[in-house]
Amino acid sequence: MMARVISACGGTGGFIGACLMFLLIVDALAAPWVAPFDPLKVDMLNALSPPDAAHLFGTDQNGRDVLSRVIWGGRASLEVSALAVLIGGCGGVGLGLLAGFFSGGWLEQSLMRVLDAMASIPLLIWAIALVGILGVGSVHIAGFTFGNEVKLLALLGVLYIPTLARITYTTALGEAGANYVAARRLQGVSGLRIMLSDVLPNCLSPVIVQATLLLAIGIVIEASVSFVGLGVQPPWPSWGNMLADARNYLFSGEWWLSVFPGACISLSVVAINLLGDGLRDALDPRHSTSALTA
Amino acid sequence: MTDQDLLRVEGLHVGFRAGDQMRDVVRGVDLRVKPGEVVGLVGESGSGKSITALAVMRLLPPGAAITSGRVTFRGRDLMEANNSEMNRLRGGEIGMIFQDPLTALNPALPIGRQLGDAIRAHQSVSWRQAQTRAEELLALVGIPFPKERLRAYPHELSGGMRQRVMIALAVSSNPSLLIADEPTTALDVTVQAQVMELIDRIRNEFGIAVLFISHNLELVAEIADRVTVMYAGRVVESGGVETLFATPNHPYTRQLIRCVPRLDGGRGAMPTIPGLPPRIGSLPSGCPFAPRCEVAEPRCSAEDPPMRWRGEQMAACFLAAS
Amino acid sequence: MTARMPTSHDNARQSDAAPLLLLRNLRKTYRLRRGILDRLRGRSRDVNAVDNVTLPIPEGVILGLVGESGCGKSTLARLMVGLTQPTGGEVVWNGTALPALSAQERREFRAGVQMVFQDTHSSLNPRKRIRVTLTEALAAHGVPRSRRAARIAGLLDQVGIDPQFLGRFPHELSGGQRQRIGIARALAMEPSLLVADEPVSSLDVSLQGQIINLLRELNASLGLTIVLISHDLAVVARICDQVAVMYGGQVVESGSPGKVLSAPSHPYTQALLDAVPRGLARRARAVLPIESGPTEAGCRFRPRCIHAVAVCADQEPAPRAVGSGHLAACHLARPADIAADRVGQLTESNL
């Protein structure tokens with residue numbers, strides 16, 4: 001049974017990655033119930049106290065519980081990067097699929113040029129620049145209030161489109177020339193239908209692997225942007241802005257302020273990469289029933 | 001097996017790693033090549049013929065290893081040879097040509113450069129001398145305008161030309177043995193004829209022994225002096241080419257010969273061997289061909305068939321005449 | 001599927017009856033990408049993959065199309081089934097050129113002409129189980145859901161595949177089994193013409209017969225017209241009613257295998273026959289000279305032809321009759337055939 005699960009994750013590495021990702025997701029979803037303390041609750045009497053029984057990760061300069069803030073910070077990180085990947089994925093896969101399947105015409109050329117232009121913009125600069133221009137306030141749309149991170153994830157998502165589109169495009173280009181696609185054409189099936197039902201599933205595997213990588217990048221970008229103050233706004237915690245606060249305490253001995261958020265960033269990135277590698281193997285239909293070939 | 005054998009393979013077993021076990025895909029192969037003779041190694045997919053050749057050269061892919069047996073070249077045990085000795089042999093005394101010349105040649109280097117490298121790997125000559133030799137080799141293998149062609153890249157040449165370059169590479173250090181693994185399979189039939197003619201000419205002019213591996217019976221019959229037939233990792237028949245084709249002693253050889261379509265073979269349904277060759281994971285006990293054999297008896301699936309000798313001819317079959 | 005009369009294999013039925021599919025002056029040109037210098041000089045390099053091919057495909061025959069790589073047979077196959085559009089000439093289905101078909105006729109053509117591919121790995125969607133591949137073919141053909149299971153069972157029976165393989169993925173099947181599924185998928189459309197592009201090249205010799213015999217049987221029992229593209233002359237000699245030999249984008253000889261493959265009229269056909277390995281017979285073979293670049297004018301085969309004379313460089317030979325139903329595109333072709341040992345008799349005065 002265990003072996004089946006491990007195999008489904010594409011090996012031991014993938015399994016570990018999947019477990020850690022699972023923890024991260026649980027943490028993000030269940031933050032309000034899992035966190036022992038209110039992450040915003042100020043308690044100056046207990047400020048800067050090292051990890052102990054009550055505060056497992058210690059308290060920060062405002063007496064807030066670091067563990068709770070780390071948990072809530074995880075939620076912000078995952079929220080931003082996951083939604084960014086979703087936007088990038090939908091847009092990227094859609095554009096790449098169209099360009100690759102209907103190649104040889106103006107559609108392919110114009111789409112590829114647009115993507116080239118988008119890809120030439122460095123992610124972090126773009127994120128910082130736009131947030132700098134649009135400001136760090138919350139966004140109000142149709143009566144809903146979105147935190148500053150929403151801007152962030154929208155921007156990230158848009159910039160993810162070229163990478164994912166390119167991967168989809170390359171695979172789609174190859175698959176579009178395959179004989180099984182020709183056979184479907186011979187059955188009189190419309191191009192769009194073939195594209196969606198035959199070519200798309202065969203393009204997803206490399207996209208999913210890349211998407212997990214982008215997830216990891218997103219976490220780092222969110223942390224970076226928050227670190228410079230343009231991301232999640234205080235008092236709400238993010239791993240990035242927690243590190244920013246911890247900057248002042250790097251050499252004065254309050255290690256718990258920087259180590260825990262930093263370790264979470266690293267662990268998340270490692271977990272996501274492991275999972276991505278595992279998924280790549282697991283998603284190959286040849287994986288589960290591979291015959292020994294001589 | 002005499003001491004004059006150039007290449008001698010005895011009881012070779014080659015296995016692939018599957019989980020924590022080794023599954024043998026070559027199971028007890030004997031082979032010998034005498035100086036100057038052409039030995040044909042015939043088999044279909046899964047027979048293990050290519051793996052045998054790779055094992056002889058110690059070029060097995062990762063996950064595969066020789067599990068038992070002996071390979072001797074000129075009396076030297078190749079199992080004992082270290083890496084640098086093997087490197088001296090490969091491309092030196094033993095030349096190899098493979099099926100797909102496009103992947104066997106480096107696409108990023110002009111062929112003059114590849115030939116030069118190969119020559120200088122085995123002989124200490126200057127670069128200029130190597131290029132002269134390369135030009136001679138290209139002319140030898142029948143490539144027109146050899147001097148200009150030295151600058152060409154592999155993709156600029158046709159399949160047949162590339163194979164000629166491979167042959168030039170293989171004979172550049174005057175080997176005594178040439179191992180040709182399906183050298184013409186990827187080529188058109190007219191180009192195949194040209195390359196076969198070249199191999200024959202080289203073999204005659206330089207007295208090089210050839211281990212010619214192919215699934216094409218007609219091709220092997222054209223060029224070989226002796227033939228070894230493999231099925232599912234075992235040698236099922238071997239012997240002189242004329243006797244083997246005139247009076248095949250093993251049912252697989254007989255049935256296989258019948259399947260080969262001939263231009264003068266009349267019209268009608270094509271003969272075929274029913275069923276499928278066994279997959280590596282599920283090799284049956286006893287004779288591996290028994291499930292598809294038209295004259296199989298119960299004992300064929302129970303015990304391994306003996307090797308029956310009739311002069312120079314060997315057939316691994318209970319029903320073979322001896 | 002309406003029953004059809006089985007046809008005899010022995011005699012090529014000639015074009016008194018209108019052919020099922022007619023290729024008329026078909027041309028397919030590919031424009032090669034030119035470098036900047038070429039563009040400035042106004043030079044274009046166009047390749048005629050198929051160059052002025054006229055070929056009738058009579059109903060109920062097995063037509064063999066032979067040639068080596070680059071001769072255009074694969075391009076011709078794609079033109080036949082409508083996967084590519086010709087640059088010149090037309091494909092005529094039941095008397096009407098393809099572009100002129102009505103919507104209904106177009107649907108009939110689409111279902112009626114199917115293809116089986118050479119590469120078994122890419123001919124089936126690796127992510128779809130066999131059952132899905134066959135079901136969607138039936139769905140595309142308009143077979144109602146209730147009838148699909150029975151139809152699939154029938155198809156599997158026809159091609160000789162056990163139903164247990166329905167739940168498998170393509171990579172779990174052997175090459176021969178995948179090829180059978182490819183044939184079943186084509187049969188799901190109830191075609192009248194099946195183009196088989198090198199269907200057995202990637203299979204072992206001992207298994208090739210299984211697929212070839214299946215095609216032969218489908219031709220006999222269903223009257224299915226088959227175009228068999230192959231480089232193996234012996235297979236073509238064995239089962240085809242007609243054969244067409246291609247070189248350089250053109251059909252250089254066509255007729256019944258009995259004539260074309262034993263007493264050819266075109267030097268290239270002769271060269272092909274010479275090149276086939278003869279095993280122990282080990283006949284000293286006339287080996288064809290190495291191919292040189294494209295020719296500007298005249299016969300495409302001239303640079304490699306041992307019989308070439310002056311006119312071969314000036315004029316492209318048109319196919320001419322050298323026997324009943326036997327055409328050869330060679331200036332020197334005569335009802336008395338060209339065989340290698342009759343070279344001496346051929347001089348310009350013969351023309």
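**Reading chains B and C**

Mentor: Let us begin with burial in chain B: buried residues make up 47% of its 322 residues. The model is a predicted one.

Trainee: How many helices and strands does the secondary structure of chain B come to?

Mentor: Chain B has twelve helices and twelve strands. Its radius of gyration is 20 Å, close to the 20 Å that the globule rule gives for 322 residues, so chain B is as compact as a globular protein of that length. The C-alpha trace of chain B spans about 65 × 50 × 40 Å along its principal axes. As for contacts in chain B between residues at least 6 apart in sequence, 63% of them join residues at least 24 apart.

Trainee: Which residues have the most contacts inside the largest nonpolar core?

Mentor: In soluble globular proteins, nonpolar side chains tend to be buried together. Here the largest nonpolar core has 262 residues, and L211(B), F212(B), M80(C) and L228(C) have the most contacts inside it. This core draws at least three residues from each of domain 1 (19–32 + 47–262) and domain 2 (263–351) of chain C. With neighbours within four places in sequence left aside, L211(B) is in contact with L7(B), V33(B), V39(B), L41(B), A53(B), L177(B), I179(B) and A180(B).

Trainee: How many residues does the contact take from chain B and from chain C?

Mentor: The contact takes 34 residues from chain B and 35 residues from chain C. On the side of chain B that touches chain C, α8 (189–206), α9 (217–223), α10 (241–246) and α11 (251–259) each supply at least two residues. The largest share of that side, six residues, comes from α8(B).

Trainee: What is the strand order in the open sheet of four strands in chain C?

Mentor: Strands of a sheet pair through backbone hydrogen bonds, either parallel or antiparallel. The open sheet of chain C has the order β2-β1-β4-β5, with antiparallel pairing. Its edge strands are β2 (46–57) and β5 (96–97), each of which pairs on one side only. Strands β1 (residues 21–31) and β4 (residues 88–93) of chain C pair over five bridges. Within that pairing, the bridge partner of R24(C) in β4(C) is E90(C), while L22(C) stands opposite V92(C).

Trainee: Which residue takes a positive phi in the hairpin of β4(C) and β5(C)?

Mentor: N94(C) takes a positive phi near 50° in this hairpin, which has two residues between the strands. β4(C) and β5(C) pair in the antiparallel sense over two bridges, and W93(C) stands opposite T96(C) in β5(C).

Definitions and conventions: Residues are numbered from 1 along each chain as its sequence is written. Chains are lettered from A and ligands numbered from 1 in the order in which they are written. This is a predicted model: local features need pLDDT of at least 70, side-chain atom pairs count only at pLDDT 80 or more; totals for chains, interfaces and linings use all residues. Two strands pair if DSSP finds at least two bridges between them. A nonpolar core is a set of buried Ala, Val, Leu, Ile, Met, Phe, Trp, Tyr and Cys residues joined through C-beta atoms within 7 Å. A residue is buried if 20 or more other C-beta atoms lie within 10 Å of its own, exposed if 12 or fewer, and partly exposed in between; C-beta atoms are placed from the backbone. Domain bounds come from an automatic or database domain assignment. Two residues are in contact if their C-beta atoms, placed from the backbone, lie within 7 Å. The radius of gyration is taken over C-alpha atoms; the globule rule is 2.2 Å times the number of residues to the power 0.38.
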